[in-house]
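I set out here what I looked up in this structure, entry by entry. The entries begin with how the chains meet and end with a single side chain.

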Amino acid sequence: MSWLRTFWASTVGKKTVMAVTGIMLVGFVVAHMLGNLQMFIGAEAMNKYAALLKSTGELLWVARAGLLVAAALHITAAYQLTMINRAARPEGYAKQEPQVSTLASRTMRLGGVILAAFIIFHLGHFTTGTFHPAFSETGVYGNVILGLRSPLVAGFYVLAMAALGLHLFHGAWAGVRTLGLRKRSADPMYRRLSMGLAIVVWAGFTAIPVAVLLGILN
Amino acid sequence: MSATHATGKGMTLTLHVWRQAGPNAAGRIVDYPAPDISPDMSFLEMLDVVNERLIAKGEEPIAFDHDCREGICGSCGLMINGSAHGPMKLTTACQLHMRSFKDGDDIWIEPWRAKAFPVIKDLVVDRGAFDRIIQAGGYISAPTGTPQDANALPIPKADADLAMDNAACIGCGACVAACPNASASLFTAAKITHLGSLPQGQPERDRRALAMVAQMDEEGFGGCTLHGECQEACPKGISIDAIMQMNRDFVRASATAVQAKEWSGAA
Amino acid sequence: MARKLDAKIPSGPLAEKWETHRFEMKLVNPANKRKFSVIVVGSGLAGASAAASLSELGYQVSCFCFQDTPRRAHSIAAQGGINAAKNYRNDGDSVQRLFYDTIKGGDFRAREANVYRLAQVSVDIIDQCVAQGVPFAREYGGLLANRSFGGAQVSRTFYARGQTGQQLLLGAYQALEKEIARGGVTMYSRHEMLELVVVDGKARGIIVRDMLTGELESHAADAVILATGGYGNVFYLSTNAKGCNVTATWRAHKKGAAFANPCFTQIHPTCIPVAGDHQSKLTLMSESLRNDGRVWVPRRREDCGKDPSQIPEADRDYYLERKYPSFGNLSPRDIASRAAKEACDDGRGVGPGGRGVYLDFADAINRLGRKAIEERYGNLFEMYQRITDEDPYTRPMRIYPAVHYTMGGLWVDYNLMSSIPGLHVLGEANFSDHGANRLGASALMQGLADGYFVIPYTLGDYLATNKLEKVTTDHPEFRAAKEAVETRTKRLLSINGTRTVDSFHRELGKIMWEKCGMARDAKGLQEALKEIPALREQFWRDVKVLGSAEGLNQSLEKAGRVADFLEFAELMCLDALQREESCGGHFRTEYQTEDGEAKRDDERFAYVAAWEYAGEGKAPILNKEPLTFENVHLSTRSYK
């Protein structure tokens with residue numbers, strides 16, 4: 001397996017791992033968002049959807065394990081690359097002007113850290129119920145409404161989803177480019193696609209805490 | 001004796017220049033007033049004038065690399081007001097003219113900054129890492145005297161053009177300097193794409209990608225996060241599409257190496 | 001006392017000389033090659049190709065360059081292309097024609113045998129470069145594209161956009177890096193050669209300065225190759241890179257290598273005119289521009305200040321088309337340059353100081369469309385606009401001649417060996433192939449011919465036929481050479497006068513441009529021969545070089561080079577003075593026809609002037625190598 005070690009040791013290998021796992025996570029995020037939007041159909045639909053997911057049993061655990069491994073690899077590669085990149089410029093410039101890099105590209109690391117913190121909180125909030133004031137194993141709809149009533153908590157969700165949008169805007173584009181799925185980049189279509197994806201995901205997720213706060217969902 | 005152009009359009013500038021006596025000395029930014037600068041001067045001619053004045057005062061002139069002064073040798077490399085080679089696109093510092101600045105401007109001049117490009121003196125850095133990346137595989141092995149007739153191998157114009165676009169690299173290091181990660185991906189990828197676009201480059205293509213990427217990492221450059229700053233800074237307009245090509249070649253070569261069970265190229 | 005210089009030209013018919021010679025030369029046994037060490041100074045087309053090829057053969061090579069990497073040698077700046085007698089266009093080209101064009105273009109002052117060999121190996125160069133991955137321009141059918149160039153009526157120039165020199169150099173550089181990685185070549189970047197070491201009459205090593213530490217190093221070898229380029233920077237303003245210098249060849253000259261035809265310098269007709277006193281170098285634009293651009297000046301002096309678009313067709317003088325109807329805008333470089341000078345001397349020049357002529361693309365843009373012109377010359381147009389702030393698509397370019405190439409150089413025989421055994425000289429640094437004028441796209445050809453296809457054979461013959469005692473750097477000659485460099489360096493640093501190195505260089509350049517430039521006469525040359533020693537004397541009394549001998553000191557580097565230019569310039573003027581004829585790039589105003597064309601004197605001057613150093617303060621000795629022409633008819637060069 002020495003090839004794997006060499007592959008992982010290189011910056012290009014690590015970036016490839018980040019791109020592949022990133023795209024897997026994007027897929028999950030989109031599916032998750034679509035599932036969440038059933039909140040707007042009603043409590044029955046939402047609870048039924050949740051029950052359906054749980055009924056898959058082992059399959060659910062396989063999916064969860066897959067996501068966990070993807071996230072772990074994504075974060076490990078990101079951490080190691082960050083360390084390599086920092087070491088590559090021990091002395092910075094007295095003056096440096098970004099020319100074309102975007103806010104999104106420059107905040108990938110900060111955004112990643114916010115998202116990691118969010119995921120831990122979110123799992124404890126709605127999956128295990130550890131951080132939830134009145135957690136019910138079967139009442140997903142109610143959990144969401146009660147869980148997001150606190151403006152502080154809802155605010156954190158809104159902030160985290162903004163970070164997610166920004167992360168996706170650069171990440172989705174960079175991911176496919178890193179994999180070289182597209183050779184020529186003269187036209188900006190991929191940039192627009194990733195912008196669209198980022199907006200849809202951000203809006204889809206943010207709609208729920210906002211709707212709860214405004215009393216549209218209750 | 002100072003070589004000042006008497007156009008009457010002289011500008012007065014303030015330079016903030018990185019001065020460092022030697023590789024191990026501590027450096028700092030030193031301010032120099034630069035009066036009577038003609039807008040027709042190139043940036044390096046402006047530095048010449050400042051240096052002539054420094055020598056006259058008995059101060060050591062500012063060391064900077066330069067040679068052809070026509071934008072092709074790749075010797076000059078200065079971070080000017082926070083952007084590599086200064087404000088003008090597709091232009092090296094030697095081809096940048098002072099008409100890009102205004103009377104009264106402050107100009108910050110710093111060396112390329114990267115662990116793999118240690119400062120030698122003032123604005124001069126050591127870019128030997130680039131040579132070592134080429135040594136790792138940036139060539140086609142065609143010993144003198146062996147080839148067939150040049151026209152025996154037709155090459156589609158589009159492939160030849162793509163090769164030329166990437167072969168235009170002058171090895172100045174602006175891509176590294178501008179990259180927030182000090183990554184040499186664009187430099188390495190340009191050579192991989194140049195040679196990989198041509199039929200002559202195919203036999204060594206896998207080995208080349210693995211070995212050059214390994215050397216690039218070995219030198220202590222950062223990784224690519226697709227900020228796009230390198231492409232913007234490149235005086236020859238080389239596209240980050242090259243990096244996509246490098247990644248593809250690297251991944252494909254890794255996969256091939258697994259299949260062939262003869263992974264040895266990159267170690 | 002004059003020596004007889006033996007050019008060692010093989011006997012037999014011209015077309016068979018090289019083939020016969022290759023067979024007759026002794027070979028070094030493959031197993032023995034690694035026992036021989038070779039020093040290559042310079043890493044341009046000639047140096048890099050020689051170092052790589054010799055290493056491929058198995059020799060132990062050490063390669064030196066003053067730049068931070070071998071890829072930056074000034075060959076990189078050549079734009080237009082490289083000639084080869086491939087006859088891919090089926091337009092009547094052949095080895096014989098390339099040979100004839102080169103001999104005629106050089107105004108019959110080059111050796112037939114050398115030039116013929118150059119034409120022969122030209123075809124191999126293209127094959128070699130394509131195999132290395134040099135991305136030459138191609139047609140849609142996938143085959144190589146060609147264009148025509150000044151001084152030729154066939155299309156034999158291969159090119160890679162406007163960056164042919166860069167691409168060829170990178171090909172050679174990559175081959176060199178491959179050999180460095182393999183361990184065949186040891187590369188010494190940022191090392192400047194400051195002395196040649198001669199032991200028992202043979203070149204056995206060099207003294208170099210490590211430009212980063214200031215340390216003087218001695219390197220010994222079985223043979224030394226100089227590929228250190230030309231001396232155009234003696235004019236201060238030239239199209240050469242700032243670092244180009246005469247030091248290596250001048251040091252070798254002072255150790256006994258004859259210097260041939262130093263007055264043969266080429267002025268390139270299509271450079272961007274001088275903008276002001278701050279000018280540090282001149283920028284050349286490929287003469288391929290003359291394929292589609294038309295050169296003109298206003299017919300009347302009073303129109304010179306006008307916007308060119310306001311000057312109607314009838315008031316324009318397309319002087320090249322008028323004077324040379326069959327070659328027109330593609331006349332050879334020396335002729336085009338002098339014609340521009342004449343127009344400006346006549347008061348019809350345009351731009352700052354009236355030193356410029358128009359190069360107009362309006363017709364070509366109308367005929368071919370802007371896109372086609374962009375495709376051909378896009379990068380040159382951009383460069384022009386960056387420098388002048390004028391748009392050449394809508395306003396004619398302004399051009400003026402500038403010093404570009406030096407045909408003169410160290411004298412070499414057919415084997416490219418100088419008059420010091422073991423010292424070989426390649427590329428622009430030697431004098432051999434271009435006579436009194438070089439044709440466009442021939443410099444790249446010669447550099448690569450010497451490095452890839454000549455020296456690998458001839459050096460083997462030298463090593464195989466000479467008994468070379470082992471020499472180490474402890475030898476007294478090495479120690480003496482190193483001490484001489486140390487003394488010189490100390491002296492430069494201790495003067496602490498009032499004038500900068502550049503100010504001396506500028507002043508020297510001015511003398512040379514005015515008195516030994518595009519046109520020369522005895523009076524001016526005699527004046528220059530008084531002014532140069534006086535300036536040299538002042539330099540050694542009043543130059544100000546700051547810093548120390550340790551570490552990077554760019555002022556010290558420059559000072560050493562300018563000191564050598566100050567000695568060399570004198571030889572150049574002497575050579576120009578003795579050559580009482582006009583030929584190629586050497587135009588003596590006393591020797592011209594009634595309509596102002598160069599008047600050659602084959603009776604008296606069909607020879608190579610090879611100067612021998614006679615010692616400090618002594619007049620150099622002129623050795624003459626007669627040139628015999630058995631295969632071409634000595635004709636008056638006419639491009640009318």
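I took buried area to be the accessible area (1.4 Å probe) that two parts lose on being put together, summed over both. I worked from a predicted model, in which local features need pLDDT of at least 70 and side-chain atom pairs count only at pLDDT 80 or more, while totals for chains, interfaces and linings use all residues. Residues are numbered from 1 along each chain as its sequence is written, chains are lettered from A and ligands numbered from 1 in the order in which they are written, and side-chain values use heavy atoms, with hydrogens and water left out.

**Entry 1: chains in contact.** I counted a contact where heavy atoms lie within 4.5 Å. Two pairs of chains are in contact, and chains B and C share the most contacts. Chain A and chain C are joined by no contact, and their closest C-alpha atoms are 19 Å apart.

**Entry 2: chain C against chain B.** I found 79 residues of chain C and 80 residues of chain B in the contact. About 6400 Å² is buried between the two chains, 52% of it from carbon and sulfur atoms. C:R72, C:H278 and C:R386 supply 12% of the area that chain C buries against chain B, more than any other three residues.

Entry 3: I applied the salt-bridge rule (a side-chain nitrogen of Lys or Arg within 4 Å of a carboxyl oxygen of Asp or Glu). The rule finds seven salt bridges between chain C and chain B. In a salt bridge, the side chain of C:R161 meets that of B:D165 at 2.9 Å, N to O. Which helix gives the largest share of the side of chain C that touches chain B? I found α6(C), with nine residues; helices here are DSSP runs (H or I, at least four residues) and strands likewise (E, at least two), numbered from the N terminus.

**Entry 4: a sheet in chain C.** I noted an open, antiparallel sheet of three strands in the order β6-β7-β8 (chain C), pairing being assigned where DSSP finds at least two bridges between two strands. Its edge strands, β6 (191–199) and β8 (216–220) of chain C, each pair on one side only. Eight antiparallel bridges link β6(C) with β7 (residues 202–210) of chain C. C:I207 in β7(C) is the bridge partner of C:E195.

**Entry 5: C:H21.** I located C:H21 in helix α1 (residues 17–24) of chain C. Not counting residues up to four places away in sequence, C:H21 touches C:P10, C:Y414 and C:N415.
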